[in-house]
Amino acid sequence: MKLLPTVLANLFSRPATRDYPSYVREPFARTRGELVNDISRCIFCGTCARKCPSQCLAVVKDSARAEGSWSLEFFACVGCGVCVEACPVHALSQKTTHRPVAVARAVITLRAALPARPAKKDKPADNAEPAGKDEPTEKDEPAG
Ligand code: SF4
Ligand code: SF4
């Protein structure tokens, strides 16, 4: 008999769940949703792909074409945010909303030119004296 009030309340109240995706709840302010890459900032270092626990990222550098590609299998992404925190140039971010549902596996690929390499510093010549090394000095003759 103790369960009766609960049963009646459940019978005459709205369901606790929503009919997703027909009804989408307003996201919380810090929801970790869809991953976004500002490809114009990406330097194709591959850090995000190495750190991703779901292995859903791939980064390829094509030096011959001076182009890089960044791919995300987005339904394999668990939205953990590890890649966002690891990206050294803050190219990655997460929306507070999720990608619309779909029935097929999908990969998104973004491409951009590889960043220009910084100019190399001039190397000292092989026969040059190492910097900061003093010339040998004559020792004083021992007394006596
Ligand atoms: S960590 Fe950032 S810069 Fe490096 S490949 Fe990933 S998105 Fe690009
Ligand atoms: S949010 Fe997590 S699971 Fe998704 S791509 Fe980044 S590291 Fe991988």
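How many nonpolar, polar and charged residues does the shell around ligand 1 have? The first point gives the answer, after a remark on the model.

Residues are numbered from 1 along each chain as its sequence is written, and chains are lettered from A and ligands numbered from 1 in the order in which they are written. This is a predicted model, in which local features need pLDDT of at least 70 and side-chain atom pairs count only at pLDDT 80 or more, whereas totals for chains, interfaces and linings use all residues.

1. Ligand 1. By class, the shell around ligand 1 has 12 nonpolar, three polar and no charged residues. Here Ala, Val, Leu, Ile, Met, Phe, Trp, Tyr, Cys and Pro count as nonpolar, Asp, Glu, Lys and Arg as charged, and the others, Gly among them, as polar. Of the 15 residues around this ligand, those that come nearest are Cys42, Cys45, Thr47, Cys48 and Cys87. A residue is near a molecule or strand if its C-beta atom, placed from the backbone, lies within 6 Å of it.

2. Ligand 2. This ligand is surrounded by 13 residues, with Cys52, Ser54, Cys77, Cys80 and Cys83 the closest. The shell divides into 10 nonpolar, three polar and no charged residues.

3. Overall fold. The protein has three helices and five strands, in the order α-β-α-β-β-α-β-β from the N terminus on. Helices (H or I, at least four residues) and strands (E, at least two) are DSSP runs, numbered from the N terminus. Of the 144 residues, 10% count as buried. A residue is buried if 20 or more other C-beta atoms lie within 10 Å of its own, exposed if 12 or fewer, and partly exposed in between, with C-beta atoms placed from the backbone.

4. The sheet. Three strands form an open sheet with the order β2-β3-β5 and antiparallel pairing. Its edge strands, each pairing on one side only, are β2 (57-62) and β5 (107-113). Two strands pair if DSSP finds at least two bridges between them.

5. Pairing of β2 with β3. Six bridges join β2 to the antiparallel strand β3 (residues 67-73). Val59 stands opposite Trp70, and Lys61 has Gly68 as its bridge partner. The hairpin of these strands has four residues between them, and Ala66 takes a positive phi near 55 degrees.

6. Pairing of β3 with β5. These antiparallel strands are joined by seven bridges. Ser69 stands opposite Arg111, while Trp70 faces Leu110 as its opposite residue in β5.

7. Val78. This residue has its place in the loop between β3 and α3 (82-86). Val78 is exposed, with 11 other C-beta atoms within 10 Å. Val78 and Glu34 are 44 residues apart in sequence, and their C-alpha atoms are 9.5 Å apart in space.
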